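I set out to record what I looked up in this two-chain model, entry by entry.

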Amino acid sequence: MGALTPAGRGHCVLVQKDSLLPTTRKLAAGPGREPDPDAAISVRGLVKRYGDRAAVDGLDLDIRRGEIFALLGPNGAGKTTTVEVLEGYRKRDGGDVRVLGVDPARGGRRWKAQLGIVLQSGAGDSQLSVRELLKARASYYAEARDPDEVLELVGLTDKAGARGRTLSGGQRRRLDVALGIVGRPRLLFLDEPTTGFDPEARRQFWALIRSLRDLGTTMLLTTHYLDEAEALADRVGVLARGQLAEVAVPAALGGRGTAPAVVRWTEDGVRRTAETATPTAFVRELAARFPGEVPDLTVARPTLEDVYLKMIGDNS
Amino acid sequence: MTTAAPERTALPPLGRVCLTRAGVELKEFFRQRESVVFTLVFPVILLLGLGAVLDYDLGAGVDFPQYFMAGVITAGIVGASLQNMAIHIAGERSDGTLKSLRGTPMPASAYFVGKVAQVLAVAVATIVLLLLVGVLVYGIELPSGADWLTFAWVSVLGAAACTLLGIVVSTLARNGRSASATVTPIALVLEFVSGVFMPFDQVPGWLQDVAAVFPVKWLAQGLRSVFLPDALAAREPAGSWELGTVALVLGLWCVAGLVLCAVTFRWQDREG
């Protein structure tokens with residue numbers, strides 16, 4: 001909005017006009033021009049180039065406070081680049097970005113005190129014990145969580161005295177998350193947090209993320225696991241070729257919610273397939289044709305993976 | 001959660017964060033066997049080994065161990081500062097420790113205060129160990145009176161210059177491993193041409209001139225003034241200990257190092 005005011009500087013008539021302009025623009029713009037200062041994250045036209053290749057090419061994104069947003073996309077689609085611009089690690093080449101109302105390129109320590117960052121690479125080797133690492137990290141914040149409570153939350157209480165290097169892959173990742181949340185962040189970045197987890201560890205991790213959501217933490221999650229995005233995210237965004245191909249609730253992505261259902265069954269020894277917008281009526285009709293069970297009957301909507309693969313296939 | 005909630009912007013006092021960082025750095029160093037052995041124990045092995053093998057008579061009743069005290073303490077200080085900083089900061093940059101810290105509200109100054117505390121602790125421990133071994137094994141003569149003061153300021157100024165240079169080298173290195181491969185030969189060559197392992201007047205003149213550009217030579221020379229009788233000042237290139245020049249050159253290296261650090265320091269490996 002500041003961009004508009006210089007034109008009216010010193011002119012009474014124009015000042016009156018100026019006071020009206022921002023409102024008009026905001027209404028007219030919708031999700032367009034200006035970043036939304038009330039959003040946890042608001043991005044307009046983000047561009048990041050490496051050489052002459054644009055890794056991120058005009059990305060728009062709004063993440064509401066209290067939301068869990070999952071960013072999906074194939075390797076090289078610009079996920080980590082985008083997240084690292086938001087975290088303040090990388091400089092952008094264009095566009096407007098607000099994270100908790102602040103431009104990350106100018107984010108100071110008070111801004112960082114409100115963020116929790118779980119990097120893809122994790123933290124390095126250390127000679128310190130798990131509890132010592134957490135206590136040290138907690139001391140950088142004025143209102144940190146109790147390190148022992150955080151250990152309990154991530155299920156590392158048994159490992160409190162262990163050195164970081166003696167932990168298993170899954171335990172290390174939980175330590176990364178513990179370090180990310182000990183400062184009581186309003187906004188938590190999770191870059192591929194469950195890579196290398198076994199299924200049980202992932203379920204435990206999901207429970208942890210849900211309990212953080214209940215505490216009001218906004219989260220931006222990047223992941224390769226579509227079931228993870230579906231289980232955790234309020235909304236998902238699919239990145240392809242440096243732009244958001246679509247943003248939707250997981251159940252509606254790629255028109256999933258309204259896509260034709262696929263009914264499969266066996267008739268006269270032949271596997272049959274039918275696409276229908278009215279699967280209930282179709283199955284009722286089918287049931288009438290068979291004396292008992294319809295052999296090998298399944299009714300399926302496209303999975304998140306189906307629509308995701310289709311989207312990135314279309315875009316890359 | 002509502003957007004009307006006040007933004008939390010409080011930060012802990014800087015002193016507390018610095019104390020935390022100092023504690024972290026001391027634990028990181030003294031719990032790692034390799035760093036303790038190579039930085040703390042290696043100079044002692046040098047003193048015992050070379051002291052047993054080399055036998056110079058330097059005149060004025062000075063034997064090789066007495067002469068070598070200044071040299072081996074120089075090597076100890078260079079190990080605790082230049083080598084230690086170059087290798088470990090490059091390692092912390094490569095393994096993501098620095099990047100992770102950069103994402104927290106920890107002030108950069110607290111990180112460097114922690115490193116200074118580590119260098120101080122390691123350097124003091126090395127010096128005490130070397131003096132103990134020197135006195136007990138070789139019966140070297142400890143400095144007296146005002147020499148202690150010279151000992152203190154030369155050590156502090158030399159360690160400061162080498163610490164800053166170590167931080168610069170850590171940034172020039174591509175990663176942790178290449179930092180070790182880069183700085184170790186640099187340190188050894190600098191020590192060699194600075195009269196650490198042999199009397200400085202046996203170093204060829206042109207090499208003496210090369211050495212005089214770098215801080216290690218001046219650190220060693222300042223320390224020789226502490227451990228050797230003034231009669232041996234005649235064997236120095238200028239015929240005196242040149243303590244004023246020692247202070248000047250080390251001070252200039254501190255300033256240059258500080259500027260280079262501020263310009264070159266990175267929290268992560270290069271983008272791209």
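This is a predicted model: local features need pLDDT of at least 70, side-chain atom pairs count only at pLDDT 80 or more; totals for chains, interfaces and linings use all residues.

**Entry 1. Chain A overall.** I looked up the secondary structure of chain A and found 11 helices and 12 strands. Chain A has 316 residues, of which 37% count as buried. I then turned to sequence separation: among the contacts in chain A with a separation of 6 or more, 64% are between residues 24 or more positions apart.

**Entry 2. Nonpolar cores.** I asked which residues have the most contacts inside the largest nonpolar core. They are A:Ile41, A:Ala70, A:Leu72, A:Leu134, A:Ala178, A:Leu220 and A:Leu221, in a core of 76 residues. Another core lies apart from it and has 63 residues, including B:Ala161, B:Leu190, B:Ala220 and B:Trp253. In general, nonpolar side chains of soluble globular proteins tend to be buried together.

**Entry 3. Contact between the chains.** I looked up how chain A meets chain B: 31 residues of chain A are in contact with 29 residues of chain B. On the side of chain A, the elements giving two or more residues are helix 4 (109-112), strand 5 (115-118) and helix 5 (130-138). Helix 4 of chain A gives the most, with 3 residues. By class, the side of chain A that touches chain B has 11 nonpolar, 10 polar and 10 charged residues.

**Entry 4. Helices 1 and 5 of chain B.** I recorded the packing of helix 1 (residues 14-30) of chain B with helix 5 (residues 108-138) of chain B: the angle is about 45° and the axes are 8 Å apart. Helix 1 of chain B is therefore oblique to helix 5 of chain B. Their crossing is right-handed. Helix 1 of chain B contributes residues including B:Leu14, B:Val17, B:Cys18 and B:Phe29, and helix 5 of chain B contributes residues including B:Ala110, B:Tyr111, B:Val113 and B:Val122. I find 13 nonpolar, 2 polar and 3 charged residues in the contact of helix 1 of chain B with helix 5 of chain B.

**Entry 5. Helices 2 and 3 of chain B.** Are helix 2 of chain B and helix 3 of chain B roughly parallel or roughly antiparallel? The axes of helix 2 (residues 33-53) of chain B and helix 3 (residues 64-94) of chain B cross at roughly 155° and come within 9 Å. Angles over 145 degrees count as roughly antiparallel, so helix 2 of chain B is roughly antiparallel to helix 3 of chain B. The crossing is right-handed. Among the residues making the contact are B:Phe42, B:Leu46 and B:Leu50 of helix 2 of chain B, with B:Phe64, B:Phe68 and B:Val72 of helix 3 of chain B. The contact of helix 2 of chain B with helix 3 of chain B has 11 nonpolar, 5 polar and no charged residues.

**Entry 6. Helices 3 and 9 of chain B.** I looked up helix 3 of chain B again, now against helix 9 of chain B: the axes come within 8 Å and cross at roughly 140°. The two helices are therefore oblique to each other. This crossing is right-handed. Helix 3 of chain B brings residues including B:Met69, B:Ile73 and B:Ile77, and helix 9 of chain B brings residues including B:Leu219, B:Ala220 and B:Leu223. B:Ala220 is also one of the residues of the core of 63 residues. The contact of helix 3 of chain B with helix 9 of chain B divides into 11 nonpolar, 3 polar and 1 charged.

**Entry 7. Positive phi.** Most residues other than glycine have a negative phi. I noted that A:Arg241, not a glycine, has a positive phi of about 50°. A:Arg241 is found in the loop between strand 8 (235-240) and strand 9 (243-248) of chain A. A:Arg241 counts as partly exposed because it has 17 C-beta neighbours inside 10 Å. B:Glu242 has a positive phi near 50°. B:Glu242 is found in the loop between helix 9 (215-227) and helix 10 (243-264) of chain B. With 18 other C-beta atoms within 10 Å, B:Glu242 is partly exposed.

**Entry 8. B:Asp201.** I located B:Asp201 in the loop between helix 7 (176-193) and helix 8 (205-211) of chain B. B:Asp201 has 14 C-beta neighbours inside 10 Å and so counts as partly exposed.

Terms used: Residues are numbered from 1 along each chain as its sequence is written. Chains are lettered from A and ligands numbered from 1 in the order in which they are written. A nonpolar core is a set of buried Ala, Val, Leu, Ile, Met, Phe, Trp, Tyr and Cys residues joined through C-beta atoms within 7 Å. A residue is buried if 20 or more other C-beta atoms lie within 10 Å of its own, exposed if 12 or fewer, and partly exposed in between; C-beta atoms are placed from the backbone. Helices (H or I, at least four residues) and strands (E, at least two) are DSSP runs, numbered from the N terminus. Two residues are in contact if their C-beta atoms, placed from the backbone, lie within 7 Å. Ala, Val, Leu, Ile, Met, Phe, Trp, Tyr, Cys and Pro count as nonpolar, Asp, Glu, Lys and Arg as charged, and the others, Gly among them, as polar. Axes are lines fitted to C-alpha atoms, for helices over the stretch in contact, and angles run from 0 to 180 degrees between N-to-C directions. Angles under 35 degrees count as roughly parallel, over 145 as roughly antiparallel, 65 to 115 as roughly perpendicular and the rest as oblique. A crossing is left-handed if the near helix is turned anticlockwise from the far one by less than a right angle, and right-handed if clockwise.
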